[in-house]
There are 2 protein chains.
Amino acid sequence: EQRFEQISPADFFYRNRDIAGFSNPSRSLYMSIRELVENSLDACEIGRILPNIWIELTQVEEDSEKDVRTYRLVVKDNGVGVEAEHIPKAFGTILYGSKYGFKQSRGTFGVGGTMALLYGQITTNNAFKIISSTGKKEIHEYRLMIDIVENKPKILEHKTYPNENGWHGTVVDYTLEADYTNSKSKIIEYLSKTAVINPHSNIVFIDPRGRLYVFARVKETTPEPPKEAKPHPLGVDVETVNRLIANTRSRDCVSFLMNEFQKVGRKTALDVLKLANIDPRTKVKELTFEQVTALVDAIKAYGRFRAPDTSSLSPVGVEFIEAGIRAVYDPEFLHVVQRPPASYSGIPFIIEAAVAYGGNIPEGEDIHLLRFANKIPLLYDERADVSWKVISEKIDWNSYKVPKVKRLAVLTSICSPKVPYKTVGKEAISDRPEIERELTIAIRECARELRLYLSRIEKGEAVKKR
Amino acid sequence: EQRFEQISPADFFYRNRDIAGFSNPSRSLYMSIRELVENSLDACEIGRILPNIWIELTQVEEDSEKDVRTYRLVVKDNGVGVEAEHIPKAFGTILYGSKYGFKQSRGTFGVGGTMALLYGQITTNNAFKIISSTGKKEIHEYRLMIDIVENKPKILEHKTYPNENGWHGTVVDYTLEADYTNSKSKIIEYLSKTAVINPHSNIVFIDPRGRLYVFARVKETTPEPPKEAKPHPLGVDVETVNRLIANTRSRDCVSFLMNEFQKVGRKTALDVLKLANIDPRTKVKELTFEQVTALVDAIKAYGRFRAPDTSSLSPVGVEFIEAGIRAVYDPEFLHVVQRPPASYSGIPFIIEAAVAYGGNIPEGEDIHLLRFANKIPLLYDERADVSWKVISEKIDWNSYKVPKVKRLAVLTSICSPKVPYKTVGKEAISDRPEIERELTIAIRECARELRLYLSRIEKGEAVKKR
Ligand SMILES: Nc1ncnc2c1ncn2[C@@H]1O[C@H](COP(=O)(O)OP(=O)(O)OP(=O)(O)O)[C@@H](O)[C@H]1O
Ligand SMILES: Nc1ncnc2c1ncn2[C@@H]1O[C@H](COP(=O)(O)OP(=O)(O)OP(=O)(O)O)[C@@H](O)[C@H]1O
Ligand SMILES: [Mg+2]
Ligand SMILES: [Mg+2]
């Protein structure tokens with residue numbers, strides 16, 4: 001006699017914290033800081049604002065011998081802020097967010113920021129505070145808790161202040177149980193790599209011991225921001241087409257295909273409709289279920305669409321990857337590649353990669369792999385990532401004259417409106433064949449340059465010996 | 001100007017299929033079969049029924065050159081079935097299920113079966129059929145689709161038949177796009193390992209090439225089924241306590257603690273309430289938020305609770321692990337260990353482990369690792385699993401006289417009402433310290449026996465030489 005229940009998404013992540021990356025007190029502190037910093041960087045990017053991000057972690061209770069203690073975490077940014085009516089749900093509801101469109105952003109699930117606050121609530125039983133303004137006349141301050149069973153915010157207090165200086169931004173202020181001792185090095189690594197890959201951002205971190213870490217801006221202009229794109233027809237399924245039909249303002253099928261998809265011109269639209277046996281003048285909202293299925297099959301069969309539009313992408317840039325690697329490793333050799341845009345399942349993406357050798361790269365048998373996705377450093381689950389698969393299985397480093405004991409670093413970066421993460425914790429990327437292929441081509445190009453360099457070194461030493 | 005949206009859990013898993021393990025057509029076929037087979041085994045376990053599970057995969061479209069084709073998948077079991085009113089939601093709603101209690105079962109998220117059907121729907125645009133009966137007067141047949149935006153079932157058809165033979169069980173019948181060629185070996189490995197670890201089950205698989213695979217029952221009795229347990233106080237948080245208070249029939253705080261938790265007697269309850277500064281006669285439903293927080297802190301501080309009750313656990317059993325390994329590897333040496341029950345964060349669990357050497361184990365530098373969780377074989381993400389961490393970092397095999405090139409297999413099994421999976425796809429287990437410790441102790445015990453065996457072999461060969 002089975003007893004059935006429905007649970008809310010907040011309840012799901014409360015019961016299965018490990019799935020979101022909040023598995024222990026040190027990993028949870030790392031996750032909390034990164035989720036909030038990524039939200040702040042997204043908020044600045046939307047407004048094309050030079051980011052100033054402030055992170056302050058202070059110990060709350062009296063001195064403790066244990067590693068796990070209660071901390072207060074405050075993250076403040078000068079981003080576009082959140083409108084008052086959306087603040088409670090943005091931070092108090094799981095699967096609620098502004099990044100569900102088809103546009104490159106760090107956030108994608110509508111989970112992360114709320115999850116950090118949920119973790120704080122269940123470990124310290126305190127409410128959290130959100131202060132935000134979009135730069136208009138008022139600053140709003142909310143004291144909130146999360147109703148986990150209902151997946152709703154509980155508003156305990158709401159104050160409004162006049163915004164005399166036209167401030168815009170967001171402050172997240174709450175307590176959590178955490179282990180800073182065992183996550184400190186990962187947190188500092190995350191912040192410094194974030195600053196390297198986002199050189200226009202200012203990041204300040206004050207740690208519980210009162211130490212000040214400053215990652216200063218080295219670029220005074222913002223990168224070209226990503227743009228919202230229309231879906232590409234390749235890889236589209238009936239669910240997506242049905243939603244486009246429900247929301248479209250187009251009346252007939254030809255204009256629907258041309259307006260709702262990228263890279264579909266009049267001729268292409270007519271060819272696809274012919275293949276689907278649909279009269280082009282049919283009203284798109286009157287298509288039957290069978291006709292929509294036939295349309296999707298025809299799109300799949302047609303296959304001759306132009307490659308996806310890539311104006312939606314905002315890559316890191318060869319010069320910044322180069323500057324960042326030089327600052328960290330001061331290598332003897334460095335080669336950076338930006339591949340042309342490609343696509344997987346109709347989703348555009350762009351790969352950038354670099355290989356560095358010598359200098360201050362620590363010596364060893366392993367390759368130092370630095371991974372980035374939508375300008376986020378990925379520091380965990382290395383062996384599950386497609387980049388690791390490529391450098392360990394697809395590249396024969398011996399054939400590029402790389403010795404067994406070496407000083408070798410590889411950097412990979414993917415930018416896309418939809419990065420295929422393997423987990424909600426965003427630490428490893430799925431080995432989609434198209435992504436694997438692009439990474440392999442990019443790294444091989446760098447490896448060939450490395451081989452030329454190592455050959456010259458070899459010849460030079462041979463000459464010296466004679 | 002951020003545009004906010006809330007999405008349903010079905011929409012979340014539709015957009016992020018990789019998170020649920022449905023990343024490509026071959027992995028998706030593997031996931032579909034395992035999710036349905038695990039549901040069938042759970043359904044038989046609840047009713048203490050000897051499982052008869054029938055899996056039939058047939059190709060739907062005409063011969064195709066490509067690996068990815070349309071298949072029809074039918075999974076039939078003789079389990080307890082699903083009551084008519086629950087069928088649509090059980091299969092058509094994400095986060096709806098009967099396994100949210102505190103009891104060992106293969107299912108835990110309320111996602112898997114529905115996800116398999118969702119994947120079928122979006123790749124083939126067909127409805128799916130569910131036929132089920134709980135053994136009573138009627139058999140119910142539903143034709144359903146999933147409204148992904150709303151996370152609700154759409155009932156296209158509902159027929160009822162008289163149940164003349166008193167049949168009980170469930171049939172799941174649907175189509176999906178899949179790649180059998182590249183998942184066949186993993187599917188067969190999954191079914192054979194499932195049969196080994198569940199020796200009382202009969203599993204029949206008919207593949208698209210018409211081949212019949214039969215994994216026959218080797219045990220005519222069902223194992224002792226797991227029981228529902230009460231939460232243990234260690235590791236409880238305010239959220240859990242608030243829910244217990246809301247649902248309790250206890251009136252005062254002492255009886256609340258004694259009735260809602262396991263291992264709390266009258267003295268313990270009074271001690272905890274004293275530590276929390278709460279009058280024992282207080283009505284539990286009248287406790288203030290501050291008092292509930294104080295109670296949770298007192299429980300944490302008290303710490304002297306007896307170990308969790310382990311009657312909720314249903315381990316595999318040493319004899320079946322032994323029989324299974326002998327059948328697969330016919331090893332020269334085999335040692336199996338069942339640890340006493342333990343707990344992590346107040347959740348009971350039990351570890352069983354085995355080390356096998358020689359015989360038909362393939363030779364190599366790597367150890368063959370067989371992992372099981374709640375009697376489910378885990379075949380992916382080996383390097384992310386706590387068992388791999390233990391055998392590669394915590395056990396020095398050299399010190400047990402194991403040569404570099406060896407024939408070595410290790411089996412690990414964990415049973416618990418809440419297995420800390422790292423992903424929704426249930427392939428790797430988190431390295432919770434208590435679990436890591438129990439695995440290390442169990443494997444070391446087996447390794448010590450192996451060393452004795454290898455020493456005897458060594459001595460015997462030394463004697464022969466002289
Ligand atoms: N610092 C901030 N400034 C402006 N808006 C914010 C900020 N933090 C959160 N938000 C808003 O709250 C929403 C929810 O944030 P949350 O981190 O939970 O999800 P997300 O960022 O959309 O996705 P992900 O789970 O991948 O992080 C965001 O989409 C954004 O609109
Ligand atoms: N073959 C079956 N026989 C009886 N009940 C079933 C069967 N398949 C599914 N169910 C019911 O449907 C519910 C939902 O199944 P689903 O696989 O989606 O989630 P789950 O098994 O509870 O958790 P998980 O996501 O971990 O598999 C189950 O909890 C069970 O009650
Ligand atoms: Mg976010
Ligand atoms: Mg299931």
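## Ground rules

A polar contact is a pair of N or O atoms within 3.5 Å; within protein, one atom must be able to donate a hydrogen and the other to accept it, and residues adjacent in sequence count only if both atoms are side-chain atoms. One example is a backbone N or O atom of Val111(B), 2.7 Å from an oxygen atom of ligand 2.

This is a predicted model, in which local features need pLDDT of at least 70 and side-chain atom pairs count only at pLDDT 80 or more, while totals for chains, interfaces and linings use all residues. Residues are numbered from 1 along each chain as its sequence is written, chains are lettered from A and ligands numbered from 1 in the order in which they are written, and side-chain values use heavy atoms, with hydrogens and water left out.

## Ligand 2

Let us stay with ligand 2, which sits between chains A and B. There are 25 residues around ligand 2, and those that come nearest are Ser98(B), Thr108(B), Gly112(B), Gly113(B) and Lys426(B). Here a residue is near a molecule or strand if one of its heavy atoms lies within 4 Å of it.

## Ligand 1

Where does ligand 1 lie? Ligand 1 is found between chains A and B.

Chain A provides a side-chain N or O atom of Lys99(A), 2.9 Å from an oxygen atom of ligand 1. A backbone N or O atom of Gly110(A) also lies 2.9 Å from an oxygen atom of the ligand. From chain B, the side chain of Gln2(B) places an N or O atom 2.9 Å from an oxygen atom of ligand 1.

## Helix α2 of chain B and its partners

Now for the helices. Helices (H or I, at least four residues) and strands (E, at least two) are DSSP runs, numbered from the N terminus. Axes are lines fitted to C-alpha atoms, for helices over the stretch in contact, and angles run from 0 to 180 degrees between N-to-C directions. Helix α2 (residues 25-46) and helix α4 (residues 112-124), both of chain B, have axes that come within 9 Å and cross at roughly 140°. α2(B) and α4(B) are therefore oblique to each other; angles under 35 degrees count as roughly parallel, over 145 as roughly antiparallel, 65 to 115 as roughly perpendicular and the rest as oblique.

## Helices α7 and α8 of chain B

Helix α7 (residues 253-260) and helix α8 (residues 266-275) of chain B pack at about 125°, with axes 9 Å apart. That makes α7(B) oblique to α8(B). Their contact includes Val254(B), Leu257(B) and Met258(B) in α7(B), together with Ala269(B), Leu270(B) and Leu273(B) in α8(B).

Terms used: Contact = heavy atoms within 4.5 Å.
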